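Let's take a walk through this model together, one piece at a time. Have a look at the picture first, then read on.

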Amino acid sequence: MTKYVFVESPFMTPGELALRAYEVSEGVLIKETCFGLQVTGAPEAVDHLITEIRTFDPNHIFIKDRGFPPGDPRRCRANLGGARPGYLGHEREFRLLRYITRGLEALERGEAVPEAAREKIRGLDIQRLQELIDEES
Amino acid sequence: MSQKVRIAQLSCGPEYSGVQKEIYDAAEAVGAEIFFPDIALADVERAVEGFGLDVRSADLKLMIARGMALVDGKVDADGVFIGTCFRCAEAAIVRNELRRYIPGHSKLPVVSYSFTERTTSGTLLTRMEALTTIARRRALLAREEQTGITMGVDSGSSTTKAVVMKDNEIAGTGWHPTTEVLKSADSAVSDALEMAGVTREDLQAIGTTGYGRFLVGKHLEADLIQEELTVNSKGAVYLADHQHGTSTVIDIGGMDNKAISVIDGIPGTFTMGGICAGASGRFLEMTAKRLGVDITELGPLAMKGLGRNVPMNSYCIVFGTQSLVNALAAGSSREDVAAAACHSVAEQVFEQQLQEIDIKEPVIMVGGTSLIEGLVYAMGQLLQTEVVVPPHSQYIGAVGSALLASGFVKGE
Amino acid sequence: MAKVFIYPATSLILSDLVARFNHKPLGAALGIRERIQTAGIDSPPLQITPEEPKRGLKYAAVEVPSGVRGRMAIYGPLIEEAEAAVIVTDADLAFGCMGCARTDELILFSLRQSGIPILELKYPTSDEEGIRFVAAIKKFLTGLPDGGEA
């Protein structure tokens with residue numbers, strides 16, 4: 001089983017994350033990537049490692065399942081000539097992680113959840129429209 | 001081993017249709033490799049806006065972005081394969097627009113295909129081969145004159161043709177129905193040799209094309225074994241004496257049809273269709289049989305009739321035959337039925353294939369069916385142009401092969 | 001622990017939050033993992049063979065493109081297995097397994113038809129929306145049967 005570990009943190013680089021993960025890896029294969037890690041091994045071992053990794057920086061580390069093991073020739077960028085389509089999807093969500101982090105922090109601190117501003121988009125008043133038409137003509 | 005031809009794949013759906021391996025296999029069989037142009041998310045966002053085609057599917061957006069990266073020269077490729085799922089309207093729009101856009105803004109040869117889960121590497125092979133030939137063998141395809149004594153053999157699905165050429169002239173021809181591939185080829189070859197008054201030993205180079213090209217090529221120890229898309233393009237513009245500039249080549253074959261947009265004798269965009277026999281020469285053969293005339297008499301017969309008097313419009317040979325039988329039973333004249341059959345085939349090709357390429361004049365019709373004047377007339381009517389049928393048009397593949405094979409004549 | 005289908009099925013954010021709040025995310029990776037680990041099949045990259053679009057006939061008719069049916073062969077069983085779903089409705093740039101809009105429409109429809117509890121929301125575009133996003137998901141997941149803090 002393989003899982004992605006993404007880190008988007010001011011406190012930890014992917015490199016530092018990898019170093020700390022190695023210390024607790026216990027036979028799980030760790031591959032460092034530009035966004036974090038890929039960890040591969042027996043499901044229980046991977047889950048155990050993931051629980052450990054999450055504690056390093058809970059609000060800045062994100063985990064996702066991966067179908068392929070790292071470097072699988074069927075999916076590896078080196079063989080395809082370009083990134084697999086999923087990479088771009090990660091890029092899309094990576095930009096939003098800071099908002100998720102903020103949400104997790106708020107949850108941790110027990111902050112009140114702000115009410116969503118009820119935006120009502122009203123059509124232009126018909127009389128105002130008439131005025132605008134008159135002004136233009 | 002020469003370097004592999006790099007084909008950029010722009011696609012939506014092949015991995016999920018279970019046919020990605022077929023694409024890989026077809027490419028590998030012709031010494032090419034498939035790759036996916038590497039771009040970033042920002043490129044996709046820019047491309048969606050820049051191209052101006054606002055589709056919903058993200059993989060189609062990715063296709064557009066990759067296509068633009070190729071045109072902009074950010075990614076290098078020798079050719080482009082565009083593939084989307086058959087029956088997907090959204091994808092068909094993107095596929096068509098990219099097929100127009102890429103050759104319009106770059107020199108990259110493009111082949112496009114809509115696949116189903118039944119698509120095999122065999123189906124894709126001829127298209128891939130044409131793509132790699134255009135990319136790799138521009139020098140070979142630049143040939144405009146035949147030299148020495150060469151022979152071309154076109155082993156087609158219905159007939160096998162052979163042509164011997166000498167000093168830029170056709171010296172001998174042979175034509176046999178394809179029964180056993182090698183026997184038919186041998187018969188056509190010996191007829192052509194006899195007519196030309198030369199022997200096998202006199203031949204300086206041999207080229208083969210058509211469905212049986214590999215088998216026949218091996219048998220004859222051919223110097224050039226080449227798919228029919230590039231060969232026919234070359235043969236058509238050679239015979240029509242229109243080697244420079246743009247033209248459109250239409251070949252309605254026994255099993256499938258080719259429509260090729262040609263620039264300076266080299267295929268630009270092309271389509272090959274062969275799903276339904278109602279749009280092929282086979283249907284005309286059946287019609288002739290049902291009308292009790294030889295296939296050579298069908299054309300003149302059709303010219304005397306009015307197609308619009310008989311309702312006939314099906315890409316399926318079974319339904320087409322039903323219409324034919326019904327019309328005759330209802331008292332329609334043989335002339336009208338013949339004309340309707342010609343019109344029906346022309347219309348299927350027009351609707352299903354010619355919409356996929358840019359029609360540029362002159363329109364050159366080749367292959368055995370180009371001798372059926374009723375069919376040529378119907379096509380001309382549909383396209384609103386005078387269709388050119390060059391001399392020896394039924395030998396198109398053999399002539400193209402003989403012409404290109406002269407690139408292998410010693411001392412050349 | 002409830003099985004929660006995530007949409008987009010390739011989402012890092014949803015996969016993380018569902019697992020973080022002690023449920024099992026059902027996403028594309030599970031379907032792909034199952035296939036690529038099947039021995040004896042040679043259909044790279046995803047080991048989806050032409051048989052899969054045929055299996056997809058259970059979810060979409062034969063006139064539906066093969067890519068939709070092939071994708072549905074992955075997602076159909078996961079949707080059937082799901083006990084709840086979290087859906088992001090403005091996931092316009094999810095590629096590959098989620099790259100076909102027609103499949104995506106069918107997945108959403110199937111989920112809504114299934115009668116399981118569903119949370120629908122949009123991607124956050126600000127800190128405030130981020131707080132609401134995470135809170136809503138946490139609340140939804142906590143309310144599921146067998147849910148709650150571990």
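## Before we start

Helices (H or I, at least four residues) and strands (E, at least two) are DSSP runs, numbered from the N terminus.

This is a predicted model, in which local features need pLDDT of at least 70 and side-chain atom pairs count only at pLDDT 80 or more, while totals for chains, interfaces and linings use all residues. Residues are numbered from 1 along each chain as its sequence is written, and chains are lettered from A and ligands numbered from 1 in the order in which they are written.

## A helix with a bend

Try the rule on helix H4 of chain C, residues 66-81: its 16 residues should span 22 Å, and the end C-alpha atoms are 23 Å apart, which agrees. H4(C) also bends by about 40° at Ala73(C) (the angle between axes fitted to the seven residues ending there and the seven starting there). A proline, Pro77(C), follows within four residues.

Is H4(C) mostly covered or uncovered? Mostly covered: 12 of its 16 residues are buried, meaning that 20 or more other C-beta atoms, placed from the backbone, lie within 10 Å of the residue's own. Among them are Ala73(C), where the bend sits, and Ile79(C).

## Chain C as a whole

Chain C has six helices and four strands, in the order β-α-β-α-α-α-β-α-β-α from the N terminus. Its radius of gyration is 16 Å, close to the 15 Å that the globule rule gives for 150 residues, so chain C is as compact as a globular protein of that length. (The radius is taken over C-alpha atoms, and the rule is 2.2 Å times the number of residues to the power 0.38.)

The C-alpha atoms of chain C fill a box of roughly 45 × 30 × 25 Å along the principal axes. Buried residues make up 57% of its 150 residues.

## Chain A, spread out

Chain A also has six helices and four strands, but here they run β-α-β-β-α-β-α-α-α-α from the N terminus. The radius of gyration of chain A is 23 Å, well over the 14 Å that the globule rule gives for 137 residues, so chain A is more spread out than a compact globule.

The C-alpha atoms of chain A fill a box of roughly 75 × 45 × 25 Å along the principal axes. Buried residues make up 32% of its 137 residues.

How values were computed. Expected span 1.5 Å × (residues − 1).
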